[in-house]
Structure formats: C-alpha cells, structure tokens
Amino acid sequence: MWTKKDMEWERLNIAVCDDEENVRCLLKKLIEKQTMDCRILEFSSGGELLHFWRQEEREQIDILFLDIAMDGADGMETAEQIRAWKEEREEPLWGSLPLLIFVTGHPEYMAKAFSVNAFQYLVKPIDEKEFADAFAQALRECRHLELKKDIEPRKILVRDGNITRNIPIEDIYYIESNNRKIIIAVEDEKIECYGKISGMEHELREGFFRTHRGYLVNMKYVERYSRTEVQMKNGSCLLISKYKYQDFVKAYLEYLAEDGR
C-alpha cells in the first residue's frame, strides 16, 4: 500500500469516468483506500470528459479510469479521440500521461482496449486486490515518467502556420499576447501562433512570471527592471503593471536564490 511518504512529486490528478454513480463511488473509495494524496475528478460520460479535456487551462490527468460501455460517446470512442488529440500535437502515445485503465463488464473488449494504448484493464465486478495491483503499477509508472521528465528538457508544442514546432521552454525569452494569438520570443525569432497567454502561464509556471496582462517573461533572461518595465537580455523592454511590481520583485529574488546566483 502506498502512503504520502512514497509520493515525492506534486499531488496526482486521477479521473474516474463511468455512467454508473455506484461504480464511480466504488472506484473513488478504492483509490482513497490507497492513502495517497491525490485529487479525484469524476465524469459521468465520455462527452463530459472530452469537454474537460479540450479546455486550454485544464489540469493534467495522470491516471484515467474509463468505462468502455457508456451511453453516448463510449469509453473506446472517448479514448480514440484523446489519442487523436495527442497525435495531432505529436505527443508520444506510449510512455505518457494519462495512464489509461479501462473498467468494464465486457472482457471481450480487452484486445481492442490495447489498440488505444491502455495501460491496464479491470473487469467488473472489480476485485479489490486486482485494483490495488493495477493502481500500484500505475503509480510506479507515474514516478518513472516524473523522473524522466526532470532529466529531459521541457518543451511545448505550438502550431506555426502549417508547421507544428517543438520549442524547448528554456529557449523562450518571453511570450506576448496579441489579440487571439500569442507571440513566442526566442533568441533569434518570434513565433506567432493561436493561443491564450493565460494558457501559457498555466502550462509554464515555474521560472515564468506574468508582469502584465500582455507579457509572460522567463526569469532566466531578465537583465534589469524598474517599476514600469522589465528589460530582457535580448534587448526587449516589456511593460510591468504597477499592481504586479511587488510580486514580481519577490518572485525574481526567489528565482535568483533558487538558481544560486
């Protein structure tokens, strides 16, 4: 059994999608019985899950328990749409989150389940020991992926015209909001694409600060600052809101202390 001490990363988000309320309640109890610190998201249909999935500022789902046979968009169709979304963004299908665990009373679907890269498969009625074993495997995989993420450079995928680009986060100087588009400034170019700066702020977080409603800056490339602007190491001068100034100074000093400068 896993405890909070075993978890060395941020609290996991675990989703349960099943059109039967009693099954959702059972899965929630089984998850909580593992005594780990997590947030459990409940969805009563595939459509409800997909609506959440398409939100730009949604939280990442780490483990997904998904019923195959549901009214409307069933679990298989839902998983196929999630897979298509990941393929469109050129994200890996194996070795990435969420870890998909199918839950169903139809074992004949097992072979098809793995065609959408399912991590595990549980048959109803759910056996508590089988659930605990599958859950422990999922946690070990989450830990492995978290360690792997810390080693590999973080990147974001953006659409630049007809081209999808994979941009290392550490190469981003700042992001500027421009109507319904954002401009990502790297060392020698500016990349324009559709998106919201609030979505980028949510995705990037560590090492970045929203100095103004129109600018998100990478602390790594701040050269100097005043009460009205931040000068970046590439020479760009970006506005800083008077309401953000104190918080920016605090965040920047904390960044410098953590970076050992």
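Buried, in this talk, means under 20% relative accessible area. Keep that cut-off in mind, and keep in mind also that this is a predicted model.

I will start with helix α2, residues 46-53. Which of its residues are buried? They are Gly46, Leu49, Leu50, Phe52 and Trp53. Looking down the axis of α2, these buried residues fall within an arc of 155 degrees, so they line one face of the helix. An α-helix has 3.6 residues a turn, so residues three or four places apart point the same way.

Next, the nonpolar cores. In soluble globular proteins, nonpolar side chains tend to be buried together. The largest nonpolar core in this model has 23 residues. Inside that core, the residues with the most contacts are Ile31, Ile63, Phe65, Phe131 and Phe135. Which elements supply at least two residues each? On the strand side they are β1 (12-17), β2 (38-43), β3 (63-67) and β4 (99-104), and the helices are α1 (21-32) and α5 (128-151). Helix α5 gives the largest share, seven residues. There is also a second, separate core, with 22 residues, and among them are Leu41, Leu49, Ile61 and Met76.

Now two residues in more detail. Take Phe131 to begin with. Leaving out residues up to four places away in sequence, Phe131 touches Leu27, Leu30, Ile31, Gln34, Phe65, Leu122 and Ile126.

One of those partners is Leu30, which sits in helix α1. Is Leu30 buried or exposed? Its relative accessibility is 7%, and the cut-off for buried is under 20%, so Leu30 counts as buried. With residues up to four places away again set aside, Leu30 touches Ile126, Glu128 and Phe131. Leu30 and Lys129 are 99 residues apart in sequence, while their C-alpha atoms are 9.9 Å apart in space.

Last, a sheet. Three strands form an open sheet, in the order β13-β14-β15, with antiparallel pairing. Which strands are at the edges? They are β13 (222-225) and β15 (237-239), and each pairs on one side only. From one strand to the next, the twist averages 30 degrees. Strand β14, residues 229-232, pairs with β15 over three bridges, in the antiparallel sense.

Methods
Residues numbered from 1 in each chain as written. Predicted model: local features only at pLDDT ≥ 70, side-chain atom pairs only at ≥ 80, totals over all residues. Heavy atoms only, no water. Buried < 20%, exposed > 50% of the residue type's maximum accessible area, 1.4 Å probe, protein only. Helix = DSSP H or I, 4+ residues; strand = E, 2+ residues; numbered from the N terminus. Arc of directions from axis to C-beta. Core = buried A, V, L, I, M, F, W, Y, C linked by side-chain atoms within 4.5 Å. Contact = heavy atoms within 4.5 Å. Pairing = 2+ DSSP bridges. Axes fitted to C-alpha atoms, helices over the stretch in contact; angles between N-to-C directions.
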